[in-house]
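Open the model in your viewer and colour it by chain.

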There are 2 protein chains.
Amino acid sequence: LRDAYHDDLNALTESMVEMTRLVSSAVARATTALLDADLELAEKVISSDAAVDAQYRNAEELAFDLLARQAPVAGDLRRIVASLRMVSDLERGGDLAVHIAEVARRRYPSSAVPPALRSTMLEMGQIGERIMTKAGSIIATSDLLLAEQIEQDDDVVDRLHRQLFHVLLEDDWDGSVEAAVDITLCSRFYERLADHAVSVARRVVYLVTGAYAAESVLSQ
Amino acid sequence: LRDAYHDDLNALTESMVEMTRLVSSAVARATTALLDADLELAEKVISSDAAVDAQYRNAEELAFDLLARQAPVAGDLRRIVASLRMVSDLERGGDLAVHIAEVARRRYPSSAVPPALRSTMLEMGQIGERIMTKAGSIIATSDLLLAEQIEQDDDVVDRLHRQLFHVLLEDDWDGSVEAAVDITLCSRFYERLADHAVSVARRVVYLVTGAYAAESVLSQ
């Protein structure tokens, strides 16, 4: 019995890691679709979200079965409840990648990102891809150094997010309102994506150390 | 023992209802702060979110204790796990009210909403207030008619959200880029708020009927 139990716990972990892999890839492709005005790639990101959702349901089911059949105590209970939270964060990350792809699709055949903002948006996309991969690594390894990196990556995303607003609101911004709307939305999507990775990381930190950065999670 | 158990389940429900009350009130006040450029009110919304967060932690603790000490089965387990999800939705609703208030604060002493868009934004705010109150009622009563109403309210918010974009992107929009950015953000915040109310309602529907609108929840 205990072996099947630990197999299920491991399967839950693997399912979450797989979700981070799918979301990370979706973010990378959504960013490329956005910058290159690649309609086909955008469509692919949108349709691929079904795989994230399927994995989400799989993980939920595993967690629920563990709770129902094993009545886990203390540490394991905490871990399973945390997993339920983490899979929500990851599922939402997939949605945000889809939202970015939808902006790309809406503006096709134009690119939603004016040349002056391409490098900033690219950096947000790259960090988004990386931060989700790191979320997967921290789930798999509980390596707390990764949590620090994720916090730092998130700080950079927040800074880029503010920078983009700054550019949009400067007097010499000569782009269209349409571009401003798209940039505002996409920047917000990347910023939220990073928040979800941070939320995952903090839950792992809590499981390992028992110290919960509740204030900072809640003030996101 | 069973009585204490049901007291705890009821306390969890009450805690969630109290969260909806706090969030509904925060949305109403954030909307007023936004439309009237009322800095004091905006600050109050921002500082009052601590009460939502405290209630969130209280509800989480109740749910976790119920899982840990009672090893609930079947229906109760499902209910407690759903509660963990719902309190996340409600806590996030509080954050979104804060984000609206922050836009009001950032633009003070100007109003972030140009006259042409005031009525649309007001309607989004009113539905936001109402939909959170309905979320509270459905948690308290499991009245499935409310779930239908919440879905309908959400449809209206989605329509208003699209309408606002439409206005912003029309050729005769003569507002500033700054206003376009603020409207984009606030409209998105209201739209997400309604999504969280829908998510709460669907979880209650699932608990009552066993039929889970998984696709629709996930595709939000």
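Buried area is the accessible area, taken with a 1.4 Å probe, that two parts lose on being put together, summed over both. This is a predicted model, and in it the area buried between chain A and chain B is about 3400 Å². Carbon and sulfur atoms give 63% of that area.

Select the contact residues next: 38 come from chain A and 38 from chain B.

Now show the charged side chains. The rule finds two salt bridges across the interface of chain A and chain B. To see one of them, select E60(A) and R85(B), whose closest N and O atoms are 2.2 Å apart.

Which helices of chain A supply at least two residues each to the side that touches chain B? Select α2 (39-70), α3 (74-107), α5 (144-169), α6 (177-209) and α7 (214-218) of chain A. The most comes from α3(A), with 12 residues. Coloured by residue class, the side of chain A that touches chain B divides into 20 nonpolar, four polar and 14 charged residues.

The largest nonpolar core has 154 residues. Select L34, M121 and L168 in chain A and again in chain B: these have the most contacts inside that core.

Leaving out residues up to four places away in sequence, L34(B) touches I100(B), V103(B), A104(B), S111(B), A112(B), V113(B), M121(B), C186(B) and Y190(B).

Note on methods
Residues numbered from 1 in each chain as written. Chains lettered and ligands numbered in written order. Predicted model: local features only at pLDDT ≥ 70, side-chain atom pairs only at ≥ 80, totals over all residues. Heavy atoms only, no water. Contact = heavy atoms within 4.5 Å. Salt bridge = Lys/Arg side-chain N within 4 Å of Asp/Glu carboxyl O. Helix = DSSP H or I, 4+ residues; strand = E, 2+ residues; numbered from the N terminus. Nonpolar A, V, L, I, M, F, W, Y, C, P; charged D, E, K, R; others polar. Core = buried A, V, L, I, M, F, W, Y, C linked by side-chain atoms within 4.5 Å. Buried < 20%, exposed > 50% of the residue type's maximum accessible area, 1.4 Å probe, protein only.
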